Amino acid sequence: MPSHPGDGRLYIDGEFVAAASRRSGVVEEKATGREIGRYALGAAEDVDRAVAAARAAQSGWAGLAAPERGRYVRELGRYLEDRFGELVEQSMRETGGVRAKAEDEVGTSVRQLALSAVQVSENAGEILPPYKAGKLSLSRVVPLGVLGLITPWNYPMNLAMRAVAPGLAFGNTVVLKPAELTPVIGGQVLAEAAEHVGLPRGVLNVVTGEGPEAGWALARHQGVDMLDFTGSREVGLAISRAAAGELRDIRLELGGSNAFVVLDDADVELAADCAMVASLEFQGQTCISASRHIVQRAVADAYVEAVVRRAAALKVGDPFDAGNALGPLISRAQLDRLHRTIVEPSLAMGARLVTGGTYEGLFYRPTVLTGVTPRMPAFREEVFGPVIPVTVVDTEEEAVALTNGLPMLMNSVFTRDLIRGLSVAERLAAGEVHVNDAHARHGAENQMPGFTRRQWIGLQRTPLNLPDWATAPATDES
Ligand code: NAD
């Protein structure tokens with residue numbers, strides 16, 4: 001039976017099928033609450049079937065020549081590119097992001113596929129200095145096997161793609177469990193692409209469903225060679241604890257409390273421009289959003305004034321209205337978490353609301369809080385919403401120490417002195433630091449590992465270089 005995204009079916013072993021439970025959930029347009037499709041509520045039984053299909057397909061898929069796998073991967077990219085406009089609008093509806101955000105999401109996915117298709121045809125190993133004379137030692141890249149992917153709702157397509165594209169290109173097969181809030185753009189669209197390009201059955205499987213059911217079943221599955229999880233620290237921690245007890249291979253991409261450091265010689269207008277992107281792009285709901293603004297006292301008033309001037313002028317509403325810079329938050333649960341557990345308690349602890357702090361439906365006004373201290377939730381928690389908490393410090397050392405006091409992914413430092421910026425960047429414990437810039441716009445997706453491992457191979461030349469005791473005694477005939 002032909003399928004279309006949003007018709008509430010799983011994709012297992014090359015077929016669109018209902019969940020074993022026959023249950024499905026509603027896909028909503030976030031700005032309007034309108035039903036725009038359904039997704040199958042897969043669970044353990046469906047995950048079992050998907051992992052078995054991926055397992056059965058893996059050696060055949062890995063056995064294809066690299067250029068042949070590269071061709072499939074390129075064709076997946078072409079399929080998405082041909083439907084670019086349609087997919088951008090699907091993302092806008094499902095995630096609530098504005099057009100530029102959705103174009104970035106789909107565009108990055110297409111680029112990732114193109115990149116992986118090329119990478120797989122590049123150098124596949126190395127010749128190593130042999131340990132002993134007369135030997136030839138090689139190391140070659142081999143697939144891990146079956147990958148389990150669990151992905152979030154904020155950039156659902158490209159956060160899946162950064163594992164799907166290199167994963168498939170390098171000979172792995174995949175079972176993808178997209179977030180339940182974005183099951184079409186994060187999963188079903190990819191299933192349709194796989195069917196369209198004739199990907200061999202079982203190579204890509206998509207099991208939609210709730211985190212604690214389909215997600216947990218995949219996270220714990222013994223048939224998965226590596227589980228790649230992108231999402232919250234809480235779930236990441238639970239997966240990590242379970243995997244530790246079973247010696248399973250996992251990779252976690254989690255959240256943190258990213259800092260945006262403004263030093264006393266910063267160009268505050270530039271910093272404030274960047275702050276809009278760093279804290280407010282996609283309503284602040286990205287893992288790399290700036291969550292804490294740590295500002296030196298000398299420029300604090302000027303910085304807050306510049307930030308408030310910009311934030312207060314931003315329009316919030318339906319992302320399909322091009323005048324709106326911010327769309328809705330993803331869900332009522334996220335809004336409640338932001339407002340009730342971060343903004344309100346921080347205000348009760350003495351923070352000052354300079355602008356925003358109000359909402360209508362899921363539309364939350366860009367908000368600036370000042371007087372935020374390290375004890376407040378606005379400092380300690382990952383804000384994950386359009387809120388700019390400002391904490392004032394006296395010295396550069398204090399800024400560095402406060403920044404490093406919490407887990408983080410990405411920081412920014414603002415200073416007119418580039419050498420000072422680099423020196424502060426070197427002392428910050430984040431995986432990525434930007435000097436006088438806002439956000440991940442440096443092609444970091446190209447650096448994601450290719451879901452392979454190294455396999456060392458030893459070859460023995462003759463005459464054998466073995467200890468005497470291991471060598472067979474000469475026979476009479478010799
Ligand atoms: P989440 O952890 O609630 O959900 C992420 C995925 O995990 C979803 O597919 C969900 O269904 C699944 N899941 C939920 N409970 C599960 C369980 N018990 N077992 C297995 N799977 C389960 O996170 P979210 O709210 O979707 O995303 C927001 C978080 O993700 C933020 O903390 C953000 O920083 C982080 N994030 C990190 C990155 C990164 O690259 N580091 C990227 C985007 C988002």
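How many residues surround the ligand, and which are the closest? In this predicted model, the count is 28, and the closest are T151, K177, E180, S232 and E382. Let's walk around the ligand from there.

The side chain of K177 places an N or O atom 2.7 Å from an oxygen atom of the ligand. L254 takes part through its backbone: one of its backbone N or O atoms sits 2.8 Å from a nitrogen atom of the ligand. As for cover, the ligand on its own has 840 Å² of accessible area, and the protein covers 88% of it.

Now step back to the surroundings. The ligand takes up the space of the largest pocket. Helix 5 (156–169), helix 7 (211–219) and strand 10 (226–230) are the elements that give two or more residues to the shell. Helix 7 provides the largest share, with 4 residues. By residue type, the shell is made of 14 nonpolar, 9 polar and 5 charged residues.

Finally, where does the ligand lie relative to the domains? Domain 1 (10–127 + 136–254) and domain 2 (258–471) both contribute residues to the shell, so the ligand lies between them.

Methods: Residues numbered from 1 in each chain as written. Predicted model: local features only at pLDDT ≥ 70, side-chain atom pairs only at ≥ 80, totals over all residues. Heavy atoms only, no water. Near = heavy atom within 4 Å. Polar contact = N/O pair within 3.5 Å; in protein donor to acceptor, adjacent residues only side chain to side chain. Areas by Shrake-Rupley, 256 points an atom, 1.4 Å probe, with all protein chains shown as cover. 1 Å grid on protein atoms, 1.4 Å probe; cavity = no way out; pocket = protein on both sides within 12 Å on 5 of 7 lines; lining within 4 Å. Sits in = over half its atoms within 2 Å of the grid points. Nonpolar A, V, L, I, M, F, W, Y, C, P; charged D, E, K, R; others polar. Domains from an automatic or database assignment.
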